[in-house]
Amino acid sequence: MERALNSPVPLSKRFWPVFRTIAIVYVILLLGQQAGLEPGRIVREMTDNPVIIVQQLIVGLANAAIITIVALGYTMVYGIVESINFAHSSVFMLTTFVALLTMSWLVNAETKAPLWVAIVAFIPAMAAGGLINGLVERYAYRSLRKNAKIVGLIAGLGMDFVLQNIGLQIGAFGKLPNAYPNVEGIKFLKILGNQNASPKSFPAVNEFFSGPGIPVNVLEFIDPHATLRITPADLLVIITAVVLVFALNWFVKNTRSGKAMRAVAQNPAAASMMGIDVDRIINLTYVIGGALAGAAAVMFGVYNGTTSSSIGATTGLNSFTAAVLGGVGNIQGAALGAVFIGLLSSLSDQFISSRWTNAWVFMTLVLVMLIKPTGILGTEGGEKA
Amino acid sequence: MAQEVLLEAKGVTKRFGGLTAVNKVDFVIYKGMIAGLIGPNGAGKTTFFNNMTGLYTPTEGDFIFNGKPITGLKPHIIQDRGISRTFQNIRLFGQLSALENVLVGMHTRLNGTVFEAFFRPKRVIHEEKRAREKALDLLDFVGLGRDSAEMAARNLPYGFQRRLEIARALASDPKLLLLDEPTAGMNPQEKKELTELVDHLRKELGVTVLLIEHDMKVVMGISDRVSVLDHGEKIAEGLPKVVQANPKVIEAYLGTGAAAEGA
Amino acid sequence: MAILELKNVHTYYGNIHALKGINLTVEEGEVVTLIGSNGAGKTTTLRTIQGLLKPREGSIKLNGEELTKLPPHDVVKRGVSQSPEGRLVFPRMSVKENLEMGAFQRNDKDGIAADMEKVFGLFPRMKERINQRAGTLSGGEQQMLAMGRALMAKPRVLLLDEPSMGLAPILVDLIFDIIRELHHQKTTILLVEQNARIALSVADRGYVLETGEIVLSGNAKDLAHNPEVEAAYLGGKAH
Amino acid sequence: MKQKLLNNTEAIAIGFMAVLALVTGGWNTIVCAVIAGLLIGLSANQNRDGIIRAGVLGAIASIITAIMGYIFNSWVSTLPGVDNQAPDHLTAYPLILAVVIGTITSLVVAWIHSIHEEARRKQAFLIFMVVCAVIFPFFDQCPTLAWNGPISIANPTVGCTTSKALLWVNAVIVTMIFALQALGLNIVAGYAGLLDLGYVAFFAIGAYTMGFLNSDHLVAQDTFLKTQFGFWLVVWGSAAAAAFFGLLLGAPTLPLRGDYLAIVTLGFGEIIPIAAKNLAEVRIFEPISLFINQLFSKADAQSLDRMQNAEAFLKNTLCLVGCDPTRPFDFTAGTKGISPISPPVFGNILGIPKIYAFVNGDYIPWYFLALVLLAGSAFFIFRLRDSRVGRAWVSMREDELAANAMGIDIVHTKLLAFIIGAMFSGFAGAFYASYVSFIEPGSFAFDISVTVLAMVILGGTGNITGVILGAFITRVVDLVVLERLKQLINGITEKVFFSGIDNPALVQFVQSIADATAYKVMLFGLILVVMMKVRPQGLIPAETAAQKRKA
């Protein structure tokens with residue numbers, strides 16, 4: 001003990017980690033300001049106008065709702081086959097087109113749509129998502145499952161490109177001429193615009209009881225003039241997400257197929273010995289994941305108002321980060337991670353720098369992997385026999 | 001013969017969640033001996049091995065190798081210190097040739113860096129040449145012959161694969177060689193030949209061997225000392241014959257019901 | 001007629017010829033044991049019967065019906081269920097859910113409930129822990145759960161793979177008492193066990209497997225006193 | 001023993017090259033015939049009969065190729081919108097030459113292939129390949145001129161505009177840059193088994209380092225470094241910068257499970273173009289003073305607009321980089337890109353007079369420079385694979401746990417592979433920047449990572465020859481076949497189907513649906529999926545020792 005006190009070496013050793021942390025934080029602040037990380041400005045902007053924070057929180061929650069549903073697809077598939085489904089983000093992207101076309105067909109390519117149109121659009125979008133993902137699993141992944149993991153990953157990547165390319169080419173249908181061939185039905189395709197890669201507009205869902213939104217005066221104590229508007233899109237997105245998370249949780253916990261899914265995730269060999277058709281259950285997982293992507297697509301379209309063939313990558317990265325953050329394979333974890341990512345994105349858009357938001361999300365992903373690779377609610381995967 | 005301790009395990013315990021796979025095992029290996037470790041399936045033998053070689057960190061207890069603690073070190077450092085192993089279910093580098101497999105085993109004993117790989121200074125050329133020769137000798141020694149040197153490991157017959165694993169483990173000149181069920185899946189003739197190889201290897205190379213084995217005949221035939229694990233605990237230790245007659249061992253291996261019936 | 005019949009079954013792992021022409025029969029209500037050293041092909045035989053591995057040659061018949069081409073879940077449906085080596089319970093599911101998974105191929109709710117009671121009768125400890133997660137059970141309890149789970153399929157042939165593995169002697173005795181009880185109830189069992197003596201003590205007949213081939217077969221009592229078997233698998237204990 | 005009329009390689013070779021000749025025609029017919037001959041020769045039996053058969057097959061293949069070339073010349077090239085190779089597209093010379101050279105190639109290759117002694121065979125192949133590589137660009141000159149006499153060889157650029165001539169040389173130079181990248185990725189993915197999906201990031205880092213340090217971009221900046229550092233110096237800087245980022249990204253993530261690495265690298269690949277886009281106006285302040293100023297400065301947020309406000313906050317802040325508010329430090333030139341980037345110069349350094357300077361658009365010297373770099377890299381990697389380090393990589397890929405137990409430090413070894421892979425990509429990026437002389441964030445999109453991965457997978461993971469072959473096939477498909485196919489289809493549709501229809505919208509729709517180049521990503525995606533299902537080891541799998549013996 002005495003020696004330890006007298007000698008200077010342990011002292012510097014004790015301060016080294018502190019010093020290192022300070023140095024790292026300093027460097028991050030130094031370089032981070034280029035990407036909008038200026039704490040002084042951020043704090044000041046927040047205190048100057050606190051209403052914006054609340055507004056951004058609502059935006060963040062709505063984004064989180066969408067991210068959650070996409071993340072569920074990642075997390076369920078990862079939970080059962082322990083491999084990332086790279087094509088998931090593209091399935092999501094394709095289903096936004098299904099949703100877009102359904103809605104514009106129902107309202108005949110007009111710019112406004114009542115709420116029921118959005119609700120109806122869930123059906124074809126979810127069906128399409130389930131179908132695409134199911135087919136991808138059946139024909140691209142299934143026979144590869146016995147190979148090394150990297151083989152499946154690469155095949156998934158390949159499918160991702162194929163689907164992305166299809167998404168891009170869907171845009172070309174917007175170029176179909178009006179008069180020729182003279183079919184009325186294709187009119188709604190005009191909504192796809194005449195540039196393949198450019199964003200396509202969703203009809204705005206703005207009929208909500210009797211007005212464009214409910215004004216809510218929750219912030220009177222800060223600013224008597226501040227009024228928040230909660231739009232139908234906000235409500236639709238958040239309520240759908242909550243309903244889907246609970247429904248999925250119930251499904252996995254209580255139904256025969258849900259239990260089989262859990263069994264396969266925990267031990268495919270044993271599940272097979274119990275008479276569970278492992279291939280079918282894995283396919284079912286993909287189908288459900290795809291259907292969820294379809295649901296998320298409607299939410300995304302209604303909320304953001306546009307889609308394009310390139311939205312898959314960002315949403316995919318956000319959702320995957322959310323899934324990892326919450327602990328891969330965990331439904332509640334995905335929701336928790338998504339709330340974190342959603343809030344981070346919306347606050348970053350407002351207060352840090354919207355151009356660098358993706359970079360901050362990515363930083364979060366790396367940090368999470370460094371600090372807790374298993375995620376917030378994750379369990380150790382190592383003990384699985 | 002002055003008996004020098006090579007490896008000592010002190011109260012090694014490994015728990016997985018609620019399951020205690022290895023429970024307070026004390027264990028000593030002297031230089032130059034062949035130590036046998038037996039026990040029924042799932043008794044914790046391989047777990048014990050994995051703790052020793054750094055794949056797991058023991059929950060409690062210590063391993064002392066050559067007078068220095070090695071508990072909790074990374075596997076590659078433990079291998080560098082002089083403990084080398086084979087695996088229960090053969091884990092060769094399938095696409096590499098037999099020769100290359102042995103050369104990988106020599107990794108810690110070679111010094112070539114990336115730059116040297118490109119410029120190939122004399123030192124590295126010599127080193128590689130010597131390494132290749134030594135690897136060929138080792139292949140010869142374990143009975144693969146130089147002809148198999150260029151064969152991809154996964155294309156070798158089963159028995160050769162087991163031998164190649166031993167050659168690979170020997171490549172780093174280990175002080176202690178751990179063999180995990182080296183005769184599993186072999187017929188009696190092959191078993192006999194492999195037993196001879198193990199014996200041979202102790203005599204020729206002076207390696208200390210710790211052997212996990214299922215086949216009583218194999219263990220009893222060559223071991224100087226046998227320890228018996230059951231249910232994660234060491235239940236007996238001593239000369240093969242003594243251990244064989246130990247009622248506890250008979251019970252663990254043959255079951256009480258059977259003992260009653262046999263009586 | 002034999003309820004389970006294997007004829008000249010050859011199974012490969014990649015290029016490794018693991019089973020080299022297995023011939024084996026199990027009669028209704030009989031306990032047959034398969035003994036042999038590690039790596040002899042015992043588990044491979046069970047996995048082949050259940051359809052987890054596809055034989056390259058030969059036929060496997062259950063009550064005269066060919067099983068070889070069927071996927072594992074259909075084999076379970078036909079009435080072959082297994083308590084696997086290493087138990088492989090579903091660790092994050094409760095005991096009850098594990099047992100339900102055993103009855104996955106069945107639709108008769110009443111029958112399932114009745115069978116669950118039966119399992120609880122055999123393994124009272126399972127009833128005490130009905131809501132506990134299987135991963136937190138002790139080794140012996142997990143073994144009981146694995147056997148109970150296999151019984152929930154109401155199998156015509158029950159495959160037991162190494163039920164004594166890693167268990168303390170007292171638990172081994174308990175497990176084998178239950179196997180005797182099952183035998184008494186006329187359950188047809190194919191038992192794989194490395195503890196040859198205890199296995200032969202409960203079985204009617206036995207097969208000895210060596211590097212993928214059956215080298216000996218016969219009445220369990222005879223096998224137990226066969227000098228070769230004694231030497232190789234009973235510890236070479238001198239009488 | 002009944003021999004099949006054609007084996008798979010031969011059938012694919014003939015078919016593919018015939019299509020290629022059909023869509024490119026002209027003098028490209030010769031190249032097609034040579035490649036077909038090469039592949040036929042390589043797949044021949046190693047005996048006298050084999051050589052004869054190869055000769056016959058080679059002749060047939062060449063004739064088929066020539067016929068296709070003829071169809072191109074006489075019909076395809078007359079379609080509207082198809083690039084004609086030369087005014088005399090109907091000339092018979094290239095077609096006759098194609099038959100002769102194609103046949104000879106297959107004979108020679110079959111003969112070399114039949115040499116029994118392995119060392120000599122390899123030597124002969126090497127010599128053959130070097131000869132081909134050296135002759136090649138002179139055959140791909142502006143066709144008329146090349147044939148008309150030695151003038152064109154002496155002065156290759158006469159009369160050749162970049163858009164029409166040198167289709168192949170340009171494509172091959174770009175291909176070699178990609179092959180260089182693919183070789184690097186092969187170390188990461190092929191040897192060490194790490195799936196890196198953001199490989200383009202290192203390419204971009206290398207290119208931007210070159211662009212930054214070897215162009216007027218830096219000279220125009222407000223720094224003391226008002227100079228261009230020259231290609232030969234910066235190329236190492238590029239490699240080092242890429243390696244540094246490789247370390248930065250790999251060190252925290254490589255210890256994690258493999259598929260997480262895929263996602264992290266994917267993210268990194270997305271971030272780098274974002275950074276390139278947004279680092280055009282860099283201003284860095286001392287963080288503590290910035291914090292204090294922004295938080296406590298008296299500037300009134302209500303009265304000033306946001307921009308002015310920000311300036312007011314920054315007034316008393318300690319500024320480090322890009323302090324002049326009207327002229328912040330321009331790091332990447334944002335979306336407008338850096339141009340022109342200087343080409344390499346021999347000499348002109350340390351008092352040595354300028355010996356030779358490369359000129360953008362003069363392809364031949366670039367071609368040979370790229371060839372030397374690629375050959376050097378291949379040689380380097382070949383030696384690396386055959387060393388202690390290379391063995392460690394492959395063993396780790398085969399069985400990580402066993403490799404660890406054999407004394408290999410997994411994290412260290414993975415990191416080494418990752419860094420060296422990054423270095424190659426950075427190197428390639430530097431060369432690319434100097435070659436095209438213009439870089440912008442859009443040139444480093446995700447599809448480059450995909451293309452390079454497709455090259456490695458297609459050719460054969462872990463095999464140098466395979467990877468280079470993969471690079472060539474992929475790039476030729478990308479740069480030549482798809483482009484030509486698009487022209488061809490558009491030409492046909494326009495001429496055949498739309499000649500009587502006056503509806504530009506419909507034509508435009510059909511053309512954008514039938515645009516072959518628009519399906520590039522899908523094609524590479526399909527290559528990945530199909531290869532994984534059919535032949536996960538690639539066209540030329542890593543030679544295992546056993547196969548060496550069989551040969």
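This is a predicted model: local features need pLDDT of at least 70, side-chain atom pairs count only at pLDDT 80 or more; totals for chains, interfaces and linings use all residues.
Before I start, one definition: contact here means heavy atoms within 4.5 Å.

I begin with chain B. Helix 6 of chain B, residues 158-170, lies across strand 6 and strand 7 of that chain. Strand 7 covers residues 176-180, and the helix runs at about 155° to strand 7. Both strands belong to an open sheet of six strands in chain B, in the order 6-7-8-3-9-10, with mixed pairing. At the edges are strand 6, residues 83-85, and strand 10, residues 233-238, each of which pairs on one side only. Neighbouring strands in this sheet are turned by 20° against each other on average, if direction is ignored.

Further along the order, strand 3 of chain B, residues 34-38, is joined to strand 8, residues 208-212, by four bridges, and the two run parallel. If you want one pair to look at there, Ala35(B) has Leu210(B) as its bridge partner.

Next, the interface of chain A with chain D. How many residues does each chain bring to the contact? Chain A gives 59 residues and chain D gives 64. As general background, the size of an interface is often given as the accessible area lost when the parts come together. For chain A and chain D the buried area is about 5400 Å², with 71% of it on carbon and sulfur atoms. On the chain A side, Gln34(A), Arg44(A) and Phe161(A) supply 12% of the area buried against chain D, more than any other three residues.

The count of salt bridges between chain A and chain D is zero. There are eleven residue pairs in polar contact between these chains, counting pairs with both residues at pLDDT 80 or more. Several helices of chain A each supply at least two residues to the side that touches chain D, among them helix 2 (8-32), helix 6 (115-141) and helix 7 (149-170). Helix 7 of chain A has the largest share of that side, with 14 residues. By residue type, the side of chain A that touches chain D divides into 40 nonpolar, ten polar and nine charged.

Now chain A against chain C. Here 17 residues of chain A are in contact with 22 residues of chain C. The two chains bury about 2000 Å² between them, and carbon and sulfur atoms give 61% of that. Which residues of chain A lose the most area to chain C? They are Gln266(A), Met273(A) and Met274(A), together 38% of what that side buries.

Between chain A and chain C the count is two salt bridges. Arg262(A) forms a salt bridge with Glu97(C), where the closest N and O atoms are 3.0 Å apart. Helix 9 (256-266) and helix 10 (268-273) of chain A each supply at least two residues to the side facing chain C. The largest share of that side, six residues, comes from helix 9 of chain A. The side of chain A that touches chain C divides into eight nonpolar, four polar and five charged residues.

Four of them form an open antiparallel sheet in the order 2-1-4-5. The edge strands are strand 2 (16-26) and strand 5 (65-66) of chain C. Strand 1, residues 4-13, and strand 4, residues 57-62, pair over five bridges in the antiparallel sense, and Leu4(C) stands opposite Leu62(C). Helix 1 of chain C, residues 42-49, packs on this sheet and touches strand 1, strand 2 and strand 4; its direction makes about 110° with that of strand 1.

Elsewhere in chain C, strand 9 and strand 10 (residues 213-219) pair in the antiparallel sense over six bridges, and Val208(C) has Leu216(C) as its bridge partner. Their hairpin has two residues between the strands, and Thr211(C) takes a positive phi near 35° there.

Last, salt bridges overall. One is between Arg132(B) and Asp386(D), with the closest N and O atoms 4.0 Å apart. Arg132(B) lies in helix 5 of chain B and Asp386(D) in the loop between helix 15 and helix 16 of chain D, so this pair joins two chains.

Note on methods:
Residues are numbered from 1 along each chain as its sequence is written. Chains are lettered from A and ligands numbered from 1 in the order in which they are written. Side-chain values use heavy atoms; hydrogens and water are left out. Two strands pair if DSSP finds at least two bridges between them. Axes are lines fitted to C-alpha atoms, for helices over the stretch in contact, and angles run from 0 to 180 degrees between N-to-C directions. Buried area is the accessible area (1.4 Å probe) that two parts lose on being put together, summed over both. A salt bridge is a side-chain nitrogen of Lys or Arg within 4 Å of a carboxyl oxygen of Asp or Glu. A polar contact is a pair of N or O atoms within 3.5 Å; within protein, one must be able to donate a hydrogen and the other to accept it, and residues adjacent in sequence count only if both atoms are side-chain atoms. Ala, Val, Leu, Ile, Met, Phe, Trp, Tyr, Cys and Pro count as nonpolar, Asp, Glu, Lys and Arg as charged, and the others, Gly among them, as polar.
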